[in-house]
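Here are my notes on this model, point by point. Please read them beside the coordinates.

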Amino acid sequence: MKNQNKLSQLLMLMLLLIIGFSCQEAEAPEEENEVEIFTDVELIFTAEDGTVVRALAEDPTGGLAVNSSFTVQPFTLKANTTYTLTFELLNRLVTPVEDVQEEILDEADEHQMFFEFTNNAFASPTGNGNIQDRNGAINYLDFDQNDLPLGLRTSWTTGGPLENGTFRVWLAHQPGVKTAFSSANDGDVDFDITFSMTIEE
């Protein structure tokens, strides 16, 4: 009988330990470094004379729906003109609307914007970008605390007229893997959007 009581007590102790461990697991903090949600990605090209060109890509589902994709506006730039490219990045699925750019700035060492465009559409940067080639030239104007490029502000000087061009923007989420040698294929993809681009006189 004594042995049966001891066995019951031992089983009860093991059950309490298992319940306690399960509760601790349930209360564990949420996984950080989740990919951000974007419903609006807007390019904002500002010329030296103050002229502004905007192009909006929208996905009302934030990429949460099956087969969702961005509806993308084309844009037209002026030939032989220098622009600063900035962004408006929003998540409209929450109230109030979230400015996702703030989170990217807070986690600058975990993000980098990459670009790909019609070959030699720009006098600067030349080439076709750095999505396929990590060493492709991009004129980054902002950097993280490790002096690595971020890409929320970049500089672009158009070349001559261009029809049926493309301009691709890729935001990589790279917690723990962003280095001077990382590429667009390292980490996760927050978004990958291709805009139609025209350059005219």
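1. Four strands form an open sheet in the order β4-β12-β11-β7, with mixed pairing. β4 and β7 are the edge strands, each pairing on one side only. From one strand to the next, the twist averages 30°. Strands are DSSP runs (E, at least two residues), as helices are (H or I, at least four), numbered from the N terminus. Pairing takes at least two DSSP bridges between two strands. Axes for angles are lines fitted to C-alpha atoms, and angles run from 0 to 180 degrees between N-to-C directions.

2. This is a predicted model: local features need pLDDT of at least 70, side-chain atom pairs count only at pLDDT 80 or more, and totals for chains, interfaces and linings use all residues. Numbering starts from 1 along each chain as its sequence is written, and side-chain values use heavy atoms, without hydrogens or water.

3. β7 and β11 run antiparallel, joined by seven bridges. Q112 stands opposite A172 in β11.

4. The largest nonpolar core has 42 residues; L43, F45, F75, F115 and F167 touch the most other members. Elements giving two or more residues include β1 (40-47), α2 (100-106) and β12 (188-200). β11 gives the largest share, six residues. Core members are buried Ala, Val, Leu, Ile, Met, Phe, Trp, Tyr and Cys residues joined through side-chain atoms within 4.5 Å. Buried means under 20% relative accessible area, exposed over 50%, partly exposed in between (1.4 Å probe, protein chains only).

5. L64 lies in the loop between β2 (52-58) and β3 (71-72). L64 is exposed, at 61% relative accessible area.
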